[in-house]
Amino acid sequence: MRELRAEPVTGPVAHHGEGPVWHPSWAGVRWVDMLAGDILELAGGEVRRTHVAEVAAAFRPRRGGGMVLAGERTLLLLDDELRRERDLGPVWSDPGIRFNEGGCTPDGAFWCGTMAYDERPGAGTLYRLDPDLTVEPVLTGVTVSNGLGVDPTGTRVYYNDTPTGRVDVFDLAAGPASRDPFVEVAGHPDGLTVDAGGGVWVALWGGSAVHRYTPEGRLDARVRLPVSRVTACTFGGPDLDTLYVTTSAEGVEPGAEPLAGALFAVDPGVRGLPVLEFAG
């Protein structure tokens, strides 16, 4: 098994860093400081912070420019300058539930899941926002809806409900109700991404690591980090050959982990897949 170590490329700039995304039209990799409602961008060694909503849970670029953003309970369309273009309105009424993590599928839909602030079991739902801007619940009864990624064929989707301790996989045509266990994880699987070879990279909340699993489910690489709350990862750079990793300081004792909340990077030895865009 390959052992890798990620290095910080920023200081601890986020309280709860999450959801990194690379797109060639941007100046650099972007990610969220989720509970601050901010989108961060690393460009030329500097971090630019833009406040976009009360909560900035997850985002993806739109095919026509701008991005789609999951806020606390609403879905938003932003323009290229991250200004609010359209608010699609609350998806539900319960203020104890918020959006958490999401991603797109090849058909141009944006999928984003939820969780309760108190993490009560079964309170979360996975929603799908279609290009015509209709929203549909596609999976209920989850607890902490997390990483979602698509394999190189565009037909298999990987998905985490963190407290289950596993990564699931489902056929896109059949939907998430058909999901099966892909791998059991020794820890709490958070965000994930898929490389061009079909390997699944999973961030481990509380585990100080990112694991890579082969398409057959074998652990074959481990990225070590000097912080415990590892939240998500993505491939970036012009050749998609850098793995960026977000981290969090949430629940960390002040001073215990000086780099908690920093963005990290590592040369993973493989390339990623281009980010899938929202078609709406």
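Predicted model: local features only at pLDDT ≥ 70, side-chain atom pairs only at ≥ 80, totals over all residues.
Residues are numbered from 1 along each chain as its sequence is written. Local features need pLDDT of at least 70 and side-chain atom pairs count only at pLDDT 80 or more, whereas totals for chains, interfaces and linings use all residues; side-chain values use heavy atoms, with hydrogens and water left out.

The largest pocket has a volume of about 450 Å³. A pocket is here an open set of points on a 1 Å grid over the protein atoms alone, where a 1.4 Å probe fits and protein lies on both sides within 12 Å along at least five of seven lines; lining residues have an atom within 4 Å of a point. Grid points are joined across faces, edges and corners, and the volume is the space filled by probe spheres set on them. The lining comprises 29 residues, of which Arg60, Thr193, Pro274, Val275 and Leu276 are the closest to the pocket centre. Two or more lining residues come from each of strands E3 (17–21), E11 (97–104), E15 (145–150), E19 (188–194) and E23 (230–236), strands being DSSP runs (E, at least two residues) numbered from the N terminus. By class, the lining holds 18 nonpolar, eight polar and three charged residues; Ala, Val, Leu, Ile, Met, Phe, Trp, Tyr, Cys and Pro count as nonpolar, Asp, Glu, Lys and Arg as charged, and the others, Gly among them, as polar.

For the second largest pocket, the volume is about 340 Å³. Met115, Glu119, Val144, Thr162 and Trp205 are the closest to its centre among 16 lining residues, and E11 and E19 are the elements that give two or more residues to this lining. Its residues divide into six nonpolar, five polar and five charged.

Buried denotes under 20% relative accessible area with a 1.4 Å probe, protein chains only.

No disulfides (cysteine sulfur pairs within 2.5 Å) are present in the structure. For cysteine 112, the nearest cysteine sulfur is that of cysteine 104, 9.9 Å away. Cysteine 112 counts as buried, at 2% relative accessibility. Cysteine 233 is likewise in no disulfide, the nearest cysteine sulfur being that of cysteine 112 at 17 Å; cysteine 233 is buried, with 4% relative accessibility.

Terms used
Helix = DSSP H or I, 4+ residues; strand = E, 2+ residues; numbered from the N terminus. Buried < 20%, exposed > 50% of the residue type's maximum accessible area, 1.4 Å probe, protein only.
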